[in-house]
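Open the model in your viewer and keep the selection tool at hand. Each stop below says what to select and what is there.

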Amino acid sequence: MEEVDHIIIHSLRVIGCDIEEDVTNLKQFSTELIVSAVIRCLKVINSDVDLPNSLPGGMSAKFRIGTSMAAHIQELGYRGEIGYQTFLYSNEQEIRRVLMFLVDKLPKETAEAVEEVLGASVLLQRTIASTLAQQLNSVWTPPYLKQNSITWRGSPPHWQREGASSLCKFHASHLHIPQGMTDLKRKLPKALRSYYSQSLPYVTNQTVHHNDTSSSVIEKMASEITAQQEWENEWNQAGLASRLSEQEYREKKKNKIRKRVMDQLRQDVQRSGDFAASRKAQDLQQMIDSISSRAGSSTKTKGSRFTHTEQLIFAKDEEKTMSQMGGESEVGQGHSEEEIQNQRDAEVEGLREEVSGLVSRLEQMDLEMRKFTASIQQMEEVVSTQGSTNAEKEEAYTVKKRTLDLLPDAENNIAKLQSVVDGSAQRLVTLANQWEKHRAPLIDQYRELKDLSSKKESEGEKKLEEIKAFRVRMKEVADDARHKDEHLKQLVAEYERMTKDVNRSAYTQRIMEIVSNIKKQKDGINTVLIDTRAVQKEINQLTGKLDRTFTVTDELIFRNAKKDEAAKKAYRHLAALHESCELLISTVEETGVIMREIRELEDQIENESKNKVLSNLEKITSDYQQMKKENTALMAKMKQRS
Amino acid sequence: MELSQAVIDSLSIVGDSAHVPNKCYQRLLDAAFDGVVDSEQRNRISGDEAFGGVDKAALKEAYAGLVSCIIEATKHDTEAASLEAVLEDCKFTADRIKAFISSYQERKQILQILLGNVGVTPPHIVDVDWRLDYYIKNNHLEKVNQAVYLISLKTEVPGKPGIQDVQFSCTQEQLQDFVGKLKDATKCLEKISASQ
């Protein structure tokens with residue numbers, strides 16, 4: 001039972017019961033402690049339970065709390081007998097049973113949460129919490145005791161930052177780092193090499209402020225890593241499919257980008273040129289518009305003084321000239337104005353007619369020109385066709401002439417021609433044969449090569465696919481490994497945290513011990529059982545033997561008793577012996593039964609004595625007295641009131 | 001921790017005893033760590049005569065690799081074991097790995113503080129001066145009789161040397177409100193620190 005008590009007490013302490021260190025078993029639990037522990041348990045299990053944490057002084061209040069506690073526990077599904085007396089007049093075993101039930105019912109969320117794998121964020125939060133706790137526990141120090149607000153303290157002492165005077169903004173500048181200096185295959189210009197070895201400052205000395213070194217390094221690193229990843233992705237997706245070597249692919253991409261940029265630039269330049277041109281045109285238009293509008297406005301009365309004066313001057317001049325001219329015409333000709341007008345109109349008419357006549361003639365000429373050029377083209381075509389027919393005819397003529405030449409000696413010539421024809425036919429046949437001869441192997445070769453190349457291509461494709469698959473797998477495996485690493489880290493951290501919880505291992509050890517003990521006891525019980533069985537068997541055997549020997553001797557002596565007096569006596573003695581022996585055996589058995597009963601009774605007495613009946617009775621009587629007193633007090637109050 | 005190929009290449013130079021002789025290695029390590037941490041020693045390596053026989057260009061590359069590795073490891077709070085694996089990949093010998101890791105562990109806190117210094121923050125209160133004045137009367141009122149607290153918060157402002165004052169005056173209620181707010185903030189911190 002001690003183990004159980006330990007477990008119960010431990011779990012009660014875990015949920016926050018105030019149990020003193022020297023309490024090691026339930027026997028030592030006082031009534032107050034029991035009540036507070038049970039209430040704490042109930043509250044943890046069900047947060048709605050509304051009970052005071054400690055036992056009140058009044059007897060009736062105590063009674064009420066006891067009954068409500070019992071009711072709550074029964075609600076939770078407790079099957080034993082339970083009432084207020086269980087808590088107020090406690091009995092160790094009952095209390096143990098109740099507490100075991102309650103501890104079993106305690107929510108196990110906390111345990112489950114521990115078993116869950118903690119995420120990185122939880123770990124981070126934990127470290128934040130522990131660091132904060134550490135810093136909260138340290139005492140305040142005046143700022144002038146810190147250099148750049150960095151201190152060396154804590155237990156164990158460590159560096160920590162308190163304050164903000166040393167903070168600086170993230171400011172990254174470009175760092176120049178030589179690369180591949182030990183790679184003998186790489187060719188570097190001499191000047192660059194000498195710059196690297198002589199003038200280039202070391203990395204930590206490149207930024208203007210030393211503060212920026214770390215941020216610059218971080219940024220450079222991040223950009224390099226992302227560039228690498230990007231490149232890898234691209235190479236996996238597009239690069240491998242293009243079947244170019246890495247350098248070629250890069251070259252191609254570079255060209256492509258350059259071309260695109262160039263196109264873009266060209267387009268933009270063009271567009272901007274267009275725009276500028278249109279702007280110019282617009283400007284011109286606007287200018288013209290503005291001028292014309294100004295001109296328009298000047299014709300109206302509104303205008304600047306300048307235009308007014310201009311108008312005035314010009315108007316005067318015009319009037320002058322007009323008057324002069326008018327004077328002249330008046331002096332020179334005696335014709336009326338109408339005549340002059342008519343004359344002029346007629347002149348204009350004539351000129352107009354002339355112009356239209358000229359225009360129509362011009363059009364006619366144009367038309368003729370066009371006609372002539374078309375006819376020229378036609379004629380040229382005709383000429384060319386005539387030329388070709390001419391050439392054909394000439395050829396026909398030469399052939400005919402030759403045949404005519406050959407005609408006089410016709411037969412000979414025919415034979416000759418025949419032979420020539422035959423020869424050429426033969427030559428053609430032989431040539432065709434030769435061609436065939438050459439052709440066949442060449443075609444075969446061509447087919448073979450074609451097959452080979454297609455095979456190679458398909459193989460290449462297959463390999464490409466394999467490579468792709470491998471890359472994918474590689475990535476997966478790498479990811480997996482990374483995940484597992486992270487997992488491992490978390491678990492290690494978790495484990496380190498867990499070691500504080502010694503109880504668990506102690507419990508398991510104890511449980512194992514208990515189990516082994518039980519096994520041993522079981523073995524003992526088994527051996528005892530076997531022993532008793534053997535004894536029973538022996539007893540049975542012996543009684544059987546006894547019975548048989550008795551009957552045999554009984555018969556023997558009985559037979560002899562008819563004849564012999566001594567035998568008769570002996571028979572009587574035997575019967576008496578048998579009887580008394582049986583009596584003896586039955587007494588022995590009875591004593592055994594009585595002994596067992598005594599033992600049982602003793603056990604019962606022990607149990608009863610454990611139940612603290614006497615003290616409980618005393619308590620009950622005292623409580624009863626108190627109740628009575630309270631009641632009388634209340635009655636007295638009532639009476640006073642009335 | 002992930003390192004770029006360039007950094008791995010330069011770290012391999014550090015690991016190669018042909019380029020960085022054994023006697024120079026510790027000097028290089030110290031120079032790299034101190035160069036990162038201490039602004040006065042940022043250029044210490046260039047004046048060091050121990051590196052007389054070493055090709056300066058290669059040394060610069062190696063140094064840059066070391067510095068990058070140190071900063072990256074600090075940034076990720078890398079464990080000694082994984083750092084060991086990285087260095088092994090860069091062909092470091094066991095002795096060199098050990099020397100590196102011991103130097104790293106020794107300066108890790110300082111390095112982390114150094115990286116933690118990168119950032120922005122509102123002014124940080126480090127101290128407070130106060131004065132209680134009693135305001136008796138003014139030209140409008142014969143009797144005012146009020147307590148006035150003059151508070152001067154001492155703050156550290158990043159980028160400014162010394163301590164900056166933030167001064168204000170307040171009545172008792174305002175001060176109580178202010179103190180309550182501060183207490184709330186403290187409680188908040190305590191809650192966070194207790195939530196582990």
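This is a predicted model: local features need pLDDT of at least 70, side-chain atom pairs count only at pLDDT 80 or more; totals for chains, interfaces and linings use all residues.

Select residues 613-641 of chain A: this is helix α16. Helices here are DSSP runs of H or I with at least four residues, strands are runs of E with at least two, and both are numbered from the N terminus. With 29 residues at 1.5 Å each, α16 of chain A should span 42 Å, and its end C-alpha atoms lie 41 Å apart, which agrees. The expected span is 1.5 Å times one less than the number of residues. Now colour by burial. A residue is buried if 20 or more other C-beta atoms lie within 10 Å of its own, exposed if 12 or fewer, and partly exposed in between, with C-beta atoms placed from the backbone.

Residues are numbered from 1 along each chain as its sequence is written, while chains are lettered from A and ligands numbered from 1 in the order in which they are written.

Next, select residues 565-610 of chain A, helix α15. Its 46 residues should span 68 Å, and the end C-alpha atoms are 67 Å apart, which agrees.

Move to chain B. It has 7 helices and 3 strands, in the order α-α-α-α-α-α-β-β-β-α. Of its 196 residues, 26% are buried.

Show the contact between the chains. It takes 52 residues from chain B and 45 residues from chain A; two residues are in contact if their C-beta atoms, placed from the backbone, lie within 7 Å. On the chain B side, α4(B) gives the most, with 12 residues.

Stay on α4(B) and select the largest nonpolar core. Such a core is a set of buried Ala, Val, Leu, Ile, Met, Phe, Trp, Tyr and Cys residues joined through C-beta atoms within 7 Å. This one has 41 residues; among those touching the most other members are Leu28(B), Ala32(B) and Leu66(B). α9 (212-242) of chain A also supplies at least two residues. The largest share, 12 residues, comes from α4(B).

Where does Leu66(B) reach, beyond residues up to four places away in sequence? Leu66(B) touches Val14(B), Leu28(B) and Ala32(B).
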